[in-house]
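User: Please take me through the helices and the sheet of this model, reasoning step by step.

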Amino acid sequence: MIKFYSSPNCPYCFTLKMFLKEHGIQFEDIDIAKNKQAVKEVEEKTGKYEVPVLDIDGQIIEGFDREEICKLLNIKD
Amino acid sequence: MKNINKNLIPLVVIVVALAIGAVAYSNPSLFTKKQGSQQDNQQDNQNVLSTQEAGEQIIKYINENLLQGQATASLLETPIEENGVYKINFEVEGQKYNFYSTKDAKYLFPQIIDLAKEAEQKALETIGNFSASKDDVCQENGKPIVYFFGSQGCPHCIWEHPLIESVALKFKENIVFHNNMDSQEDMDIFSKYSTGGVPALVIGCKYHRTGSGQNLGEEQESKVLTALICKLTGNQPSDICNEVQELINQI
């Protein structure tokens, strides 16, 4: 299960979202601007206060760490 | 197969870690050898395998005992010797791993803590969870540039934004503030110093942090931002910087 924590109109989140879509990766898109529980989840998982955050089967990636994302999702970029 | 692969990653690591414990337990003689005896040294030398032999043994072990036909591990290249152990690069279903083993392939280390890297990282941390860089101070018109990157839709950005705006205002004669809210400006700086997340703060290219300072609270975060900027302006304006001198000394 891949969870994508982001917020609307965030150009930095949009770039990562497009990257995942381009590579056919399915994910649950969670808008933390509307979901306070999600905000709490991100804080608990990362200890940080930022977006976007990806949760790939429990492995947390903060921001757009292309190398790590490609490695975990087996994307040949 | 992709699902198996994903679930396998922690499985391999955990099972290998358990296996290491088991190997150590089942070979107590490894821990009771008399130190420095000539016979033992000769025996140790005899047990040293070539990098290729060690790599093949480890892969065979992983395939036969851990993966058991569910997937296949294979060497990516001939293992290399690094810091007295063998570094083994292999893949399972397209996922790459680096494990280390002793030269006799009797012990396998799935995880390495790089103490030198950890120490280097620690040395670069400064107040307020900011990281320090060794880069020159980036300037515009002879003044340090303070960058904010954020988005209106992001609650953490909304928390941080008024704080940095307010602090930047106190330094309006001493710095140039690039207030990038929902903007595509300064992406070179953003790419260089942020992990790709927002909010991101880059203070004169010397101090940077991704994520807000909510854990510090508004008052302390404002002091941290003030102190970091003072460090770049040579403690100007002095009345502002004198108030946070204690923090400046910790940078």
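Analyst: The expected span of a helix is 1.5 Å times one less than its number of residues. The model discussed here is a predicted one.

User: How far apart are the end C-alpha atoms of helix α1 of chain A, and what span should its 12 residues have?
Analyst: Helix α1 covers residues 11-22 of chain A. At 1.5 Å a residue its 12 residues should span 16 Å, and this agrees with the distance between its end C-alpha atoms, which is 16 Å.

User: Which residue just after α1(A) takes a positive phi?
Analyst: The phi in question is about 65°, and it belongs to a residue that comes just after α1(A). That residue is Gly24(A).

User: Which strands of the open sheet in chain A stand at the edges, and why is one side of each left without a neighbour?
Analyst: The sheet is open and has four strands with mixed pairing, in the order β2-β1-β3-β4. Each edge strand has a single partner strand, so one side of it has no neighbour in the sheet. The edge strands are β2 (28-31) and β4 (59-62) of chain A.

User: What angle does α3 of chain A make with β4(A)?
Analyst: Helix α3 (residues 66-73) lies across β1, β3 and β4 of chain A. Its direction runs to that of β4(A) at about 155°.

How values were computed:
Residues are numbered from 1 along each chain as its sequence is written. Chains are lettered from A and ligands numbered from 1 in the order in which they are written. This is a predicted model: local features need pLDDT of at least 70, side-chain atom pairs count only at pLDDT 80 or more; totals for chains, interfaces and linings use all residues. Side-chain values use heavy atoms; hydrogens and water are left out. Helices (H or I, at least four residues) and strands (E, at least two) are DSSP runs, numbered from the N terminus. Two strands pair if DSSP finds at least two bridges between them. Contact means heavy atoms within 4.5 Å. Axes are lines fitted to C-alpha atoms, for helices over the stretch in contact, and angles run from 0 to 180 degrees between N-to-C directions.
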